[in-house]
Amino acid sequence: MSDLQLVNITKRFGDFTANDGISLTVHAGSIHGLLGENGAGKSTLMNILSGLYQPDEGEILLDGRSVQIKAPADAIRRGIGMIHQHFMLVPQLTVTENIILGCPGGLHLDMRSQAQRITELSQTYGLDVPPLARVENLPVGIQQRVEILKVLYRQARILILDEPTAVLTPGEIQGFLETLKQLASRNHTIIFISHKLDEVMAVCNEVTILRRGKQVASCATADTNRTELARLMVDRHVEINSRPEPQSTGNVVLDVQDLWVSTEHQVEAVRGLSLQVRAGEIVGIAGVDGNGQRELTDAIAGLLPAKKGSIKIHANPSKGTSKPFAYIPEDRQKQGLVLGFSIARNLILKAFTRLPFCRGWLLQREKINTNAHQAIQAFDIRTPTSQLPVGQLSGGNQQKVILARELAGDPALIIAMQPTRGLDIGATAEVQQSLLAQRTRGAAILYISTELEEVMAMSDRLGVIYRGQLVDMLDASTATLEQVGLRMAGVHTGVTREPIYSEPA
Ligand SMILES: Nc1ncnc2c1ncn2[C@@H]1O[C@H](COP(=O)(O)OP(=O)(O)O)[C@@H](O)[C@H]1O
Ligand SMILES: [Mg+2]
């Protein structure tokens, strides 16, 4: 049984301080939540503990004794195991091979007896895995269990899990949280990184909140609540889960009928999907990542061809709309922005060759700058100057640049793909407010997100996408989390459920 203490840990990257004098105690056998917005410094702190980074200052104590963790092997030797946000498994190897890889003897060990050991281990912890299946054939929820078994196999007493629930469906999350409790009841110490308040409140004994590299508070979860934690994370009061008031809707703006879309690798990603969005409503699409969301939005935006079916956008030009639709892409750094260009230039990216920004071959510098200043004001883009390269802005401010550009000219249809992904609570609320204002104006909005609570809160109607098909369209004001969660997992959908993996013979 070992208490773990971090004392005054500081970590700098160049002149940026990612961890600023952080001190916390994790009690043996407890579940300690590490909470903070994106970029708060959570992963950095845990990478120090697991030997990936060296701190610039500070000390790590195990059972009151100072220890040096110079490499991941040191951490493992001291019983510290980290399950990273991005799994580190070898897809072509089996579960058993992945678990024993890197252990003394490694792949020369007798597979059959190792598989037996792993089965026993998995039964002890309720972490069911098929020991001989290849990892690439397993759903992510099961791959995660493999990662956990891998550190248990190495006899870790302290388990660090970095945003483990980000990849799971709501149903899987429930099971996962049970696993955490099970591990703690067997005297494992858990550090659970999350930015989801519910989950932290549900399983953690104690919680530490980081904000911009600083430790804001550490306390028992029994002594706090969601609202207080949210406030501590962002240092101002935020409304969570505010639902838009119902409003009357207009004509159909987006009309998708029996759409089939294949990926560039000819995998059928959207399979016979129909959907309509009317002026003045937000239609949400919930679903686990990779169920056809990307191909659906790319097809609507004209980036991927439809194999079959139709997509019609009815924009009424007499209303003065200058472009039919706005697209807020999923990956703003790859699709939405040119990082090396200034804010001002990114704001006119699509209008580059049009009046009033361009006359002949000359860019109208003054018009471009006025446009930029107006956008910076209207969308509260925090920057010292409109000439700053977009790559130097925070994620939230980059997203505001995209919104400012895309929402200019009052588009009739807005396709928002994970518009708050990676943003902190403050920036999330601002993005959501902008979209709600567009809805009030009468825009038709398709809002796609893997964050179930978010998409439920933002939508008037809510569809669930599962394996390329739309299962159900629900009234978002009456739908329950459980209803939607089951559909996301492919249960109660009417869609035939194919086996997700099969054991090799
Ligand atoms: N290897 C690195 N080099 C430079 N900056 C980094 C590095 N790792 C993290 N950072 C920066 O440190 C900050 C904290 O990052 P991180 O610990 O990943 O946050 P969190 O896990 O809370 O989202 C971020 O601003 C990030 O850009
Ligand atoms: Mg992180």
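1. In this predicted model, the residues around ligand 1 are F13, F16, A18, E37, N38, G39, A40, G41, K42, S43, T44 and Y53.

2. With T44 it is a polar side-chain atom that lies 2.6 Å from an oxygen atom of ligand 1.

3. The protein chain is divided into domain 1, covering residues 4-234, and domain 2, which is made up of residues 252-323 together with 409-488. The C-alpha centres of domain 1 and domain 2 lie 34 Å apart, and the contact between them involves 9 residues of domain 1 and 10 residues of domain 2.

4. Between them, domain 1 and domain 2 bury about 720 Å², of which 62% is on carbon and sulfur atoms.

5. What is the count of salt bridges between domain 1 and domain 2? The count is 0, and across the interface of the two domains the rule likewise finds 0 residue pairs in polar contact, with both residues required to be at pLDDT 80 or more. Helix α8, residues 226-234, gives the most to the side of domain 1 that touches domain 2, contributing 3 residues. By class, that side of domain 1 has 3 nonpolar, 2 polar and 4 charged residues.

6. Side chains of opposite charge can pair when their charged atoms come close. By the rule applied here, the count comes to 18 salt bridges, and one pair is formed by the side chains of R294 and E330, with an N to O distance of 2.7 Å. This pair links distant parts of the chain, 36 residues apart, since R294 is in helix α9 (residues 293-300) and E330 is in the loop between β15 (325-328) and α10 (332-336).

Technical notes:
Residues are numbered from 1 along each chain as its sequence is written. Chains are lettered from A and ligands numbered from 1 in the order in which they are written. This is a predicted model: local features need pLDDT of at least 70, side-chain atom pairs count only at pLDDT 80 or more; totals for chains, interfaces and linings use all residues. Side-chain values use heavy atoms; hydrogens and water are left out. Domain bounds come from an automatic or database domain assignment. Contact means heavy atoms within 4.5 Å. Buried area is the accessible area (1.4 Å probe) that two parts lose on being put together, summed over both. A salt bridge is a side-chain nitrogen of Lys or Arg within 4 Å of a carboxyl oxygen of Asp or Glu. A polar contact is a pair of N or O atoms within 3.5 Å; within protein, one must be able to donate a hydrogen and the other to accept it, and residues adjacent in sequence count only if both atoms are side-chain atoms. Helices (H or I, at least four residues) and strands (E, at least two) are DSSP runs, numbered from the N terminus. Ala, Val, Leu, Ile, Met, Phe, Trp, Tyr, Cys and Pro count as nonpolar, Asp, Glu, Lys and Arg as charged, and the others, Gly among them, as polar. A residue is near a molecule or strand if one of its heavy atoms lies within 4 Å of it.
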